[in-house]
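Please consult the sequence and structure shown here alongside the text.

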Amino acid sequence: MRSVFAIAAAFALGLQMTPTEVRAAENLNLICSADVVICELMEGMFEKETGIQVNMVRLSSGETYAKIRAEARNPKTDIWWAGTGDPHLQAASEGLTQEYKSPMLDQLQDWAKKQAESAGYKTVGVYAGALGWGYNTEIVKTKGLKEAKCWADLVDPSFKGEIQIANPNSSGTAYTALASLVQIMGEDKAFDYLKQLNANVSQYTKSGSAPVKAAARGETALGIVFMHDAVAQIAEGFPVKAVAPCEGTGYEIGSMSIIKGARNLDAAKKWYDWALSAEVQSHMKEAKSFQLPSNKSATIPPEAPRFEDIKLIDYDFKTYGDPAKRKELLDRWDKEIGASAN
């Protein structure tokens, strides 16, 4: 009899709930691999618009890839938003993410659609940005350092202890840098270059954007990052200049993937479609995020570095998004660079 009353009470409570309260019963477990400010902006906007409760964790791309790989048999994450595309492609090739063809695909830039097609629709491009660096103009002037315009300039002895870059094991930004240099120079010459660069590196950070934030604060002269991260520091009023290297550079296609076995699949698909909309992507500048949006109708921030102004390499996403190639390069980096890192 008690159970009958309990069911009746629960039913009555349900009738009293508003649509927003009903939706609030939904949850979404999200890993965000963008800067924490934009992660929090996205989380807040989505919760407000849908009533879905987002449990968000901020991790770099490399850390996220390792986490979802470790949890493959018992996934705790529903969706992975942002971060460099290489780890997303690696996750797709290993069956860690699942196919989803969003109805928003037709609205996207060709590079975003190609990212989806190459992965069997297990990931999709959400933004793009070129690799470069940002340097503190005041430190460079005070210390009489040469203005670094090319990759070759970064190995000048005058920059000893003045450069930061992330660790490619944890950071998608740094892995993109590693893969870009290999494509620009050839693998052996790239590692010779990285050994020279190591003499000038004061710290290998966990996060890809941390080096230019350190430069902005005056803790180091220069940070190797995606150029939009340097522009974000300029927008904050710091004395930073963004540079696209003269020899050419790689770029990222920041991506999004639904985790295979996602417990909240419907909520994950709602986020996926929502995050690809022009309206949402046009809000990125509010978090001082200056990537190029993937939706063709989204507003591009005027400060965003444009691909047409940068010497880009034909970045081989298929090769360097392959798990075996990633492991090969990271193992060599650990042995030849990481083991002797300052």
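The model is predicted. A disulfide is a covalent bond between the sulfur atoms of two cysteines. The count in this model comes to 2 disulfides. When the bonded cysteines of the protein chain are numbered in sequence order, the pairing reads 1-2, 3-4.

| Disulfide | Sulfur–sulfur distance | Torsion about the S-S bond |
|---|---|---|
| C32 and C39 | 2.0 Å | about -80 degrees |
| C150 and C246 | 2.0 Å | 120 degrees |

The disulfide of C32 and C39 is left-handed because the torsion about its S-S bond is about -80 degrees. Both C32 and C39 are buried.

The link of C150 and C246 is right-handed, with 120 degrees about the S-S bond. C150 lies in the loop between α7 (137–142) and β6 (163–166), and C246 in the loop between β9 (240–243) and β10 (251–259), so this pair ties together parts that are 96 residues apart in sequence. Are these two cysteines buried or partly exposed? C150 has a relative accessible area of 16% and is therefore buried, the cut-off for this class being under 20%. C246 counts as partly exposed because its relative accessibility is 40%.

The serine, S282, is found in the loop between α13 (278–281) and β11 (292–293). S282 counts as buried because its relative accessibility is 16%. Leaving aside residues up to four places away in sequence, S282 touches A298 and T299.

Notes: Residues are numbered from 1 along each chain as its sequence is written. This is a predicted model: local features need pLDDT of at least 70, side-chain atom pairs count only at pLDDT 80 or more; totals for chains, interfaces and linings use all residues. Side-chain values use heavy atoms; hydrogens and water are left out. Helices (H or I, at least four residues) and strands (E, at least two) are DSSP runs, numbered from the N terminus. Buried means under 20% relative accessible area, exposed over 50%, partly exposed in between (1.4 Å probe, protein chains only). Contact means heavy atoms within 4.5 Å. A disulfide is a pair of cysteine sulfur atoms within 2.5 Å.
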